[in-house]
Amino acid sequence: MTASAVLPAHAARAALAARAAHAARAAPCLAGAQRHMSYGKPHVSEKETIVKLLYNIGSRNEVEQYLRHFSSVESHQFAVIKVGGAVLTDELDTLASSLTFLSRVGLYPIVVHGAGPQLNDLLDKAGIEPQYEGGIRITDAKTLAIARKVFQEENVKLVEALEKLGTRARPINGGVFIADYLDREKYQNVGKITHVNKQLIESSIRAGALPILTSLAETPEGQILNVNADVAAGELARVLEPLKIVYLNEKGGLFHGVTKKKIDVINLDEEYDDLMKESWVKYGTKLKIKEIHDLLMHLPRSSSVSIISAEHLHKELFTHSGAGTLVRRGHRLLKYTGSEASKLDVDRIRTLLEEHDPEVLAGTKSIAEFLKSLQSRDNITVYADAAYDILCVINNSHPTLGVPFLEKFVTTRTAVLNGVTDNLWQLVKRNFPSLIWVAHRDDSNKVWFFERSDGSYTWADRTLFWYGLEQIDSIQRFVQSVVEEDRKLMGSTGRGSITSSNIASATAVPARAFSTMASAVGVRAAGAAGVRAGMSTGLPRTAGSFLSIHSGKRMYSTSAKDGSRRRRMGIIGARGYTGRELIRLLNQHPDLDLAVVSSRELAGKVCEHYTKSTVMYESLSPADAARRTDVDVWVLALPNGVCKPFVEAFLKVPEADRPVLVDLSADHRFTDEWLYGLPELYHTRSQFKAAGGAGKARRIANPGCYATGSQLAIAPLVQAGLVTGLPTVFGVSGYSGAGTTPSRKNDPNELADNLMPYALVGHLHEREVSRFLGREIAFMPHVGQFFQGISLTVSVPLCRSMSAAEVQQVFAAAYEGERLVHVLGHGVVPEVRDIAGKHHVAVGGFAVQGGDGHQPRAVVVATIDNLLKGAATQALQNTNLALGLDEFAGILA
């Protein structure tokens with residue numbers, strides 16, 4: 001429910017500036033009084049833009065679902081966030097960005113912070129040894145004086161960090177927590193909270209300011225008392241009853257003491273008793289779980305606790321899969337077998353089905369008919385929850401197929417939001433090692449079904465899903481029998497065998513990866529993971545039918561249609577801007593499909609930018625990727641220095657079976673073993689053809705964005721023998737070139753009315769350009785406040801005087817017929833605002849200086865979209881050439 005580099009507040013405002021351009025820049029020009037009134041309140045268009053940016057960490061549906069959920073309560077009931085002192089020291093900027101992001105979408109978390117490490121440090125400097133009794137700090141007068149000072153300093157530090165980002169915050173150092181002495185004789189100045197004054201918090205939120213609280217309390221007489229920040233946050237939550245209580249720590253969650261895996265979710269109603277008996281649950285972990293349990297038992301079931309890092313807060317709050325540990329009460333599940341189904345509350349089932357069952361709503365089946373069938377069958381298992389927000393019916397053994405069949409899975413939105421669907425599905429998987437179900441081909445629940453199945457088979461207008469069927473030959477026989485059985489049913493009833501479910505319409509929640517019960521629930525690995533494209537399945541071959549065997553959460557289809565084989569691409573590291581642009585290009589490619597897309601942060605989600613088929617994000621290891629035999633080309637969209645394990649794994653594949661590799665990083669631009677993929681220069685096209693699809697042309701180093709534009713702006717003059725001396729390149733890039741990881745180079749507060757130089761000498765692209773031009777150049781990069789595009793102003797010393805027209809003719813001749821290089825007319829200067837979203841490089845300007853004793857030189861201006869021709873477009877161009885496809889397929893109409 002957030003992502004390392006998860007679109008921080010400044011990245012959100014950055015994209016707003018890119019999309020709202022002049023309007024966004026005009027906003028600060030409002031009159032002072034008007035600006036003060038709106039300070040801290042999100043502008044409507046700004047909020048909409050930031051919400052759209054959230055879609056990068058989760059699907060549109062889930063983001064909007066959580067926004068509606070969080071906005072459905074009073075502002076002070078959204079979230080209480082407890083911040084540990086170590087977070088304030090080590091992650092202050094990240095925390096401020098995360099909180100700013102929330103305020104920009106109209107949410108006002110209440111922050112309570114501690115300062116334990118800072119206090120211990122100051123006590124040590126003062127020669128005071130901390131004293132504890134039963135885990136509680138003994139707070140004498142000297143300790144309290146230092147504590148008060150350090151709390152105030154840390155409070156102001158966070159408030160100032162927020163206001164530096166343009167987010168109004170109010171420091172609240174006292175007046176909220178009223179307390180008595182916990183045990184004056186034992187602990188001295190330690191308090192037990194007896195009352196919470198909400199007015200100060202509500203006043204802050206009404207003024208559009210985030211309330212930032214210390215955990216210090218005071219007696220009715222005004223004596224300051226020390227209170228543990230976790231305790232203070234818990235007492236505040238008991239009074240406010242927020243939807244979320246968030247504990248921020250450096251680890252980012254609770255970890256299983258044996259497996260060392262992060263626990264993704266704890267459902268207290270189902271797991272608490274057993275969890276507390278685990279041998280590894282002891283000391284601080286046991287106390288923390290007990291405190292959370294006791295807190296949630298006093299709150300509505302809609303409240304939950306998240307333990308997460310500041311860096312991943314957004315994913316934890318706005319996505320179903322989350323990033324930390326989610327603790328919730330859950331709903332106790334009821335299970336009835338055979339005749340026990342008569343114990344169900346018929347009236348409450350009737351209400352659930354009347355409002356949510358698709359069969360009942362469509363009039364294809366009556367409630368009376370369904371209830372009668374429950375009472376007359378011994379071979380069924382029925383699941384419900386205590387609130388009757390969910391109902392699941394399974395035929396324990398299909399009379400013809402001999403495998404358990406899911407007949408009904410109906411849920412309310414409340415059950416979805418509270419994770420009851422996840423809990424129930426986990427229970428079903430524990431009780432039924434294998435299961436099948438059937439959906440209409442256009443069923444809105446298809447994505448939810450795909451995520452939870454090992455495989456699927458589509459014929460006519462329906463899709464069969466299954467898990468737990470291990471062998472491909474048994475799957476083939478089984479699918480044949482399902483199709484034949486369904487056709488018989490279609491002939492006799494007109495309906496066939498269809499699972500009745502409303503998961504998607506209720507807004508389904510994909511299950512988190514690991515809970516404390518995960519060992520019993522873990523998803524089975526598909527036994528047919530090695531299925532290859534073009535294999536003969538022996539299955540019914542009808543137009544539009546296909547079989548999918550899902551490895552983990554990935555679908556691989558063997559199409560029933562014959563004809564020329566389409567090529568397939570895999571992308572590793574697809575979360576960034578370049579990966580998304582490449583996916584969009586593949587979506588319109590006539591001959592190349594997306595086979596697999598890997599991203600640790602997005603694993604388990606649908607790739608929404610790709611609509612030719614349903615593709616799920618996976619998290620592939622190098623070995624996983626190298627084992628795939630259904631991928632013709634892999635694009636490595638990873639940061640510099642990261643792709644080595646993947647390359648080593650691919651190079652172990654026999655050369656005849658080895659896929660094409662396209663590396664977008666700089667890792668292989670400085671070796672002759674990889675082909676440098678700049679088709680407009682260096683005879684790249686002829687090397688592809690000469691290689692015949694083998695050897696070096698199977699390993700392609702994609703040039704850098706600055707490097708592509710710079711070379712295209714200098715190379716014609718070098719190749720014509722006209723250059724002497726050192727060409728210089730002054731480059732300015734939009735901040736998308738700095739990626740999504742927070743830094744000064746993608747922070748619009750730093751970039752506003754600013755131009756930021758960096759890497760003043762020795763930039764990687766300086767070395768890259770110099771290597772391939774065969775002569776040194778000087779490169780001075782800068783980042784500007786726009787989002788996308790690069791402008792390059794290049795000064796080239798000439799060996800003789802030339803006119804501007806002559807220089808322009810050199811470029812026109814060099815790039816004649818090149819569809820992705822546009823040479824502009826004499827005197828026409830390309831501008832960066834005209835290149836964003838374009839696939840070509842524009843080269844123009846063509847000014848000259850010479851005579852009167854001056855060194856002759858030409859000045860050339862080039863613009864390039866750093867995400868397209870500077871990255872994704874060029875990668876696809878190289879891929880097309882390597883696979884023998886049309887060079888511009890998927891790029892130009």
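## Salt bridges and contacts, step by step

Student: Which residues does Arg148 touch, leaving out residues up to four places away in sequence?

Tutor: Welcome! Keep in mind that this is a predicted model. Start from helix α8 (residues 141-164), where Arg148 has its place. Setting aside residues up to four places away in sequence, the contacts of Arg148 are Leu216 and Ile224.

Student: Is Arg148 buried, partly exposed or exposed, and what is its relative accessible area?

Tutor: Buried means under 20% and exposed means over 50%, with partly exposed in between. Arg148 is therefore partly exposed, and its relative accessible area is 43%.

Student: How many Å apart in space are Arg148 and Thr214, C-alpha to C-alpha?

Tutor: Along the sequence, 66 residues separate Arg148 and Thr214. In space, their C-alpha to C-alpha distance is 9.4 Å.

Student: Let's turn to salt bridges. How many does a search of the whole structure find?

Tutor: A salt bridge needs a side-chain nitrogen of Lys or Arg within 4 Å of a carboxyl oxygen of Asp or Glu. Searching the whole structure with that in mind gives a count of 22.

Student: Which residue forms a salt bridge with Arg566?

Tutor: The closest N and O atoms of this pair are 2.6 Å apart. Arg566 sits in the loop between β24 (554-559) and β25 (567-572), and its partner is in strand β26 (residues 592-598), 27 residues apart, so the pair links distant parts of the chain.

Student: Why are Asp624 and Arg627 separated by about one helical turn?

Tutor: Asp624 and Arg627 form a salt bridge, with their closest N and O atoms 2.7 Å apart. Asp624 is partly exposed, at 28%, while Arg627 is exposed, at 57%. They are about one turn apart because both lie in helix α24 (residues 622-627), at a spacing of 3 residues.

Student: How far apart in sequence are the parts that Glu680 and Lys869 tie together?

Tutor: The side chains of Glu680 and Lys869 meet in a salt bridge of 3.1 Å, N to O. Glu680 belongs to the loop between β30 (675-676) and α26 (684-691), and Lys869 to helix α31 (residues 868-882), so the parts tied together are apart in sequence by 189 residues.

Student: Are Glu680 and Lys869 buried or exposed?

Tutor: The cut-off to recall is that buried means under 20% relative accessible area. Both Glu680 and Lys869 are buried.

Student: Which residues are linked with Arg568 in a network of salt bridges?

Tutor: Here the salt bridges link up into a network that includes Arg568.

Technical notes: Residues numbered from 1 in each chain as written. Predicted model: local features only at pLDDT ≥ 70, side-chain atom pairs only at ≥ 80, totals over all residues. Heavy atoms only, no water. Helix = DSSP H or I, 4+ residues; strand = E, 2+ residues; numbered from the N terminus. Buried < 20%, exposed > 50% of the residue type's maximum accessible area, 1.4 Å probe, protein only. Contact = heavy atoms within 4.5 Å.
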